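Here is a short report for a first look at this model.

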Amino acid sequence: MRMVDIIDTKRNGGVLSDEQLQFFVDGVVNGTIPDYQISALLMAIYFQDMTKEEQTSLTMKMMESGERLDLSRIPGIKVDKHSTGGVGDKVSLPLAAMVAATGIPVPMISGRGLGHTGGSLDKLEAIPGFRVELSEDEFINQVAKEKLAIVGATGEVAPADKKIYGLRDVTDTVDSIPLIASSIMSKKIASGTDALVIDVKTGTGAFMKTLDQSRLLAKALVEIGKQAGLKCMAVISDMNQPLGNKIGNALEIEESIDVLKGKGPKDLTELVLTLGSYMVVMGEKAQNTTEARKMLEQTIQERSALERFAAMIEAQGGDPAVVDNYQLMPQAKYKISFKADRDGVLTKLSADEVGTASMLLGGGRQKADDTLDYSVGIELHHKLGDHVKDGEPILTIYSNRQEIPDVEQLLRESIKISDDGKVPTLIHEIIESSFVKLS
C-alpha cells in the first residue's frame with residue numbers, strides 16, 4: 001500500500017477503506033509517513049469531506065493508536081462532558097460537582113487553554129496546591145471514592161491525534177468537521193466513560209462561527225459516538241458573548257463556586273442545569289430531564305455539590321478553604337473600570353475579542369509555553385440586551401499593569417451600544433442519538 005494512492009483516492013472524492021485509514025494512522029504514529037504526505041491527505045479531507053463510516057473508522061483507528069483507560073473498577077455508569085471551548089466557559093467545574101453529588105461517577109479528563117479559550121486545568125491550578133496530574137490508579141481510586149476527578153490526560157491517549165492536530169494547525173485545516181470530530185471523539189472514547197454529553201459552542205467566540213457549522217459538527221460527534229457504542233448527545237449553546245460574568249482563571253473558579261452556592265449568573269447556571277440534566281438521565285439516576293433538573297437544583301440547596309467540589313480539591317492536593325475564601329487565590333493589583341460612553345442597549349459584546357483582551361492581560365496563552373497570570377481577567381457588569389447609562393461601568397479589568405491601552409482599545413472595538421437590542425438565545429438546539437432515550 002502506498003500513501004500517494006490514499007491521497008489520490010481522497011483528492012478525487014473517493015471513500016477510504018478501513019485498511020487505508022489503518023495504514024495512515026500507523027504511519028503517523030511510527031513516523032513512516034512524512035509530514036508533507038500527512039498534510040496532503042488532511043487538505044484532501046478538508047475539501048472532499050468524509051462519510052459517516054470514514055469518520056468513525058478514522059476515530060477508532062486514532063483511539064486504538066494509544067492507551068485506553070479501563071474504568072471498570074469504578075461502580076456505576078460513568079458520564080463525562082466535553083465542550084468545544086469558549087470565553088468564560090467554566091461549565092465543567094460546577095457541572096461535574098453537581099452531577100457527582102447525585103451519585104454518578106464523573107471521571108473528567110480535561111485540557112489546557114491556548115489563545116482566548118481557557119482550559120479547565122489552568123483554572124483549577126489557580127487553587128493553591130491543586131494537582132491536575134494524577135496517575136491512572138490515583139484517578140480511578142479518587143473517582144471511585146469521591147465520584148469526581150478533573151485531571152490532565154493519563155498515559156499516552158490517542159498519540160496519532162497529537163501529531164495530526166499539530167499539522168492541522170500549520171496547514172489551515174483545523175476547521176474540517178471530520179478532523180475535528182475524530183480528534184475529539186478518539187480521546188473521549190479512549191477515556192473509558194460510558195456516556196458523553198457534548199457542548200458545541202456557536203458564535204463569535206466559538207470554533208464554529210455559524211449555527212449551520214455547529215449543527216454539522218454536533219451531528220458528526222453524536223453519530224461517531226453512536227457507531228462506537230458510546231451513549232452520546234450534544235447541546236448547541238451560544239458563544240456570541242462570554243458565558244457568565246467572569247473571564248480569567250481565579251475569577252472563573254470564584255464564579256464556579258458561586259454557581260454551587262446558588263449565586264451564579266443566570267446564563268451559566270442555566271447551561272449547567274441543562275447539560276447536567278442530560279448527564280443525570282444518561283447516568284440512569286432520573287427518568288427524564290425535568291426530574292433530573294430538580295435533583296441538580298437540590299444539590300445546590302443542600303450544598304452537597306459544594307461539598308463534592310471541596311472534597312475534589314482536597315483529594316487533589318488543593319486548599320478546600322477557597323470555597324469560602326476567594327482571597328486564597330492569586331489577586332490582581334489593579335481593578336480598572338471600563339465605562340459606557342452613551343445611554344442605550346448593549347448590542348455587541350464580542351466573545352473572541354473579550355477573550356483576547358484577557359489573554360493580553362496574561363490570563364491566556366499566545367504560545368503553548370507561555371506562563372499564565374492566574375489573577376488577571378475581566379468581570380462583566382452587563383450582558384447583551386441590558387440597558388446602560390453614560391458613564392456606568394460595563395466591566396472591570398483585573399490587571400497587574402496599571403497602563404493597559406492595548407486591552408482598553410480592544411475592548412472598545414468589542415463593545416457596541418445601540419438604541420435597542422435583544423437578549424440572545426442561550427440554547428440553540430439539542431442533538432440526540434436514537435441510541436439514547438432522554439425524555
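This is a predicted model. Start with His-382, which sits in the loop between β9 (377-380) and β10 (387-388). Is His-382 buried or exposed? Its relative accessible area is 12%, so His-382 counts as buried, the cut-off being under 20%.

| Side chain | Partner side chain | Distance of polar contact |
|---|---|---|
| His-382 | Asp-386 | 3.5 Å |
| His-382 | Glu-392 | 2.9 Å |

Helix α11 covers residues 249-260, twelve in number. From first C-alpha to last, α11 reaches 17 Å, close to the expected 16 Å. How many residues of α11 are buried? Twelve of the twelve are, so α11 is largely enclosed by the rest of the structure. After α11 comes Gly-262, with a positive phi near 80°.

Helix α12 runs over residues 266-282. Its 17 residues should span 24 Å at 1.5 Å a residue, and its end C-alpha atoms are 24 Å apart, so the two values agree. Helix α12 is mostly covered, with 15 of its 17 residues buried. Just after α12, Glu-284 takes a positive phi of about 60°.

Definitions and conventions. Residues numbered from 1 in each chain as written. Predicted model: local features only at pLDDT ≥ 70, side-chain atom pairs only at ≥ 80, totals over all residues. Heavy atoms only, no water. Helix = DSSP H or I, 4+ residues; strand = E, 2+ residues; numbered from the N terminus. Expected span 1.5 Å × (residues − 1). Buried < 20%, exposed > 50% of the residue type's maximum accessible area, 1.4 Å probe, protein only. Polar contact = N/O pair within 3.5 Å; in protein donor to acceptor, adjacent residues only side chain to side chain.
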